[in-house]
Every structure is written in structure tokens, then in C-alpha cells.
Amino acid sequence: MKFQFCITSIAVLLGLITACSIDREFRPGPQHVVLQPGEAAPAVAVPESLLVVSYNIQFAEHVDQAIVDLRTAGLDRPDILLLQEMTPEGVEAIADELGL
């Protein structure tokens, strides 16, 4: 019985693996820049400053207060916002409230 189950499991696993196709070809989209050999990369504007805000919201508690804190401190439009100890729902709530 164990042997039959093992062979059946392996057969099913092999069937699933071979049924899946992996597309490894890179297809550039409009947001990608594709350079030819010897071609220089286009110039990119570099901002003079970058605002990175890191906020530890212990155990994702008091998300509403965190939003008030970020707005009060004038940190509600950072270039990068790092949130520690957060849940996906808390991150979504902050992003929605701050328009991020």
C-alpha cells in the first residue's frame, strides 16, 4: 500500500512538473530600455534629495495614529516609506490614506 501510494505520488508530481511551461524569454515592455552593444544608456535625472522615512509601528497597532504622526511631522510624502512590524492590511491603510 505504501509503495503504491509513493509511486502514484511521484507520477502525479512528474505530471504536474512536465505540464508547466517556464517562459524564460525576456520581452521588454514600454518601461524597459533595451541597449544594443556599444550603445550608451540614456541620461537619467537625479534628484537633489531623497526622503526616506522609517517607522516602526509595533505589532501593527495604532495604524491611525501612525498616519497622524506622519502627517504632523510633514513626512506624509516620502520617496521611500519603510514600515516595520506591519500587516499587509496596515500597509494598505497607510498607503491609501497618504496617497502612496
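Biologist: Why is I10 called partly exposed?

Modeller: This is a predicted model, and I10 comes out at 45% relative accessibility. Buried means under 20% relative accessible area and exposed over 50%, with partly exposed in between (1.4 Å probe, protein chains only). So 45% makes I10 partly exposed.

Biologist: Where does I10 sit?

Modeller: In helix α1, residues 2-19. Helices here are DSSP runs of H or I with at least four residues, strands are E runs of at least two, and numbering starts at the N terminus.

Biologist: And how do you know which residues make up the largest nonpolar core?

Modeller: Such a core is a set of buried Ala, Val, Leu, Ile, Met, Phe, Trp, Tyr and Cys residues joined through side-chain atoms within 4.5 Å. The largest has 10 residues: V53, I57, A60, V63, A66, I67, L70, M86, I94 and L98.

Biologist: What makes I94 a contact partner of other residues?

Modeller: Contact means heavy atoms within 4.5 Å. Leaving aside neighbours within four places in sequence, I94 is in contact with I57, V63, I67, L70, L81, L83 and M86.

Biologist: What pattern does the chain follow?

Modeller: Along the sequence, α-β-α-β-α, which comes to three helices and two strands.

Methods:
Residues numbered from 1 in each chain as written. Predicted model: local features only at pLDDT ≥ 70, side-chain atom pairs only at ≥ 80, totals over all residues. Heavy atoms only, no water.
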